[in-house]
Amino acid sequence: RFLSDLREEETFMVRRAVMGTAGRPTKLTHAQVSTGFPRLVRVSAKALNGGMETRVRPATLADAQAINAIHNHYVRTCTCTWQTIQETDENRLKWLKSRDQAHPVIVAEIGHQVVGWGSISAYNTRTGWSATVEDSVFIHHAHQGKGLGKLILGDLLHRAEQLGHKSVIARISGEQVGSLRLHASLGFEPAGLLKAVGRKFEQDLDCVYLLKSLRKP
């Protein structure tokens, strides 16, 4: 649900972007995924990936350059990240080294090529927020449309639950309909809308908040 102070038309706009025309989350046709933890995740998606198996595994320091190359493509070309200055490989390596077990980074591989990555990060450093995290998912631009986003995000959610996190937040640029629908397909619900709080490529950008609760009934 949205925060009570959001205007009705804002609520409708975000729900229309996240939900299908029938009022249900858009479902992707990717094969169902097994998300064993912490083992590698394997899917039967060979037809989508040139006959090669896809797997998800924890990132290593050796993946820093591949992770950075994927992210920097979107820094240069897209509003899915509001970062405007490309990250250096050195800083990306430092970022990987700084991660702890409660906030993992994972990569998806086809063959021996890293084709996507995701992470769970602290949402707020104050201790009262310790059970709430936010996700990041980035797919190599040449491997879009293969179900990799759902594979990575599904794995992140499973890991978050196993690690004892209670809530996962996604902050998504309002015009990124594909990302909004991906999160909705895995149970994220609209939680807020900040109008025109970002700016990139000479355009004002909205920030949509989505929330996935991992709390047991």
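This is a predicted model: local features need pLDDT of at least 70, side-chain atom pairs count only at pLDDT 80 or more; totals for chains, interfaces and linings use all residues.
Ser213 belongs to strand S8, which covers residues 203-213. Elsewhere in the chain, Tyr74, Trp95, Trp117 and Phe138 make up one aromatic cluster, and helix H2, in which Tyr74 lies, is described at the end.

**Surroundings of Ser213**

- A polar atom of the Ser213 side chain lies 3.3 Å from the backbone nitrogen of Arg215, a separation that falls within the 3.5 Å used for a polar contact.
- Although Ser213 and Glu189 are 24 residues apart along the chain, their C-alpha atoms are separated by 8.9 Å.

**Aromatic pairs and the cluster**

- The count of aromatic pairs comes to four, and one of them joins Tyr74 and Phe138, whose ring centres are 6.1 Å apart and whose planes meet at 40 degrees, so the pair is classed as tilted.
- Because Tyr74 lies in helix H2 (residues 64-77) and Phe138 in strand S5 (residues 132-139), this pair ties together parts that are 64 residues apart in sequence.
- Tyr74 is buried, with a relative accessible area of 8%, and Phe138 is likewise buried, with a value of 10%.
- Trp95 and Trp117 form an aromatic pair with an edge-to-face arrangement, the distance being 5.6 Å centre to centre and the angle between the planes 70 degrees.
- This second pairing links distant parts of the chain, since Trp95 is in helix H3 (residues 89-97) and Trp117 is in strand S4 (residues 113-122), 22 residues apart.
- Within the pair, Trp95 is partly exposed at a relative accessible area of 22%, whereas Trp117 counts as buried at 2%; the cut-off that divides the two classes is 20%.
- The ring of Trp95 also has the charged end of Arg92 sitting over it, 4.7 Å from the ring centre.

**Helix H2 and its packing**

- Helix H2 has 14 residues and reaches 20 Å from its first C-alpha to its last, which is close to the 20 Å expected at 1.5 Å a residue.
- The buried residues of H2 include Tyr74, the member of the aromatic pair with Phe138, together with Ala64, Ile67, Asn68, Ile70, His71, Asn72, His73 and Val75.
- These buried residues of H2 pack against helix H3 and against strands S3 (105-110), S4, S5 and S7 (189-200).
- Among these partners, H3 holds Trp95 and S4 holds Trp117, while S5 holds Phe138.

Note on methods: Residues are numbered from 1 along each chain as its sequence is written. Side-chain values use heavy atoms; hydrogens and water are left out. Helices (H or I, at least four residues) and strands (E, at least two) are DSSP runs, numbered from the N terminus. A polar contact is a pair of N or O atoms within 3.5 Å; within protein, one must be able to donate a hydrogen and the other to accept it, and residues adjacent in sequence count only if both atoms are side-chain atoms. Rings of Phe, Tyr and Trp (its six-membered ring) pair if their centres lie within 6.5 Å; planes under 30 degrees apart count as stacked, over 60 as edge-to-face and the rest as tilted. Buried means under 20% relative accessible area, exposed over 50%, partly exposed in between (1.4 Å probe, protein chains only). A charge sits over a ring if NZ of Lys or CZ of Arg is within 6 Å of the ring centre and within 35 degrees of the ring normal. The expected span of a helix is 1.5 Å times one less than its number of residues. Contact means heavy atoms within 4.5 Å.
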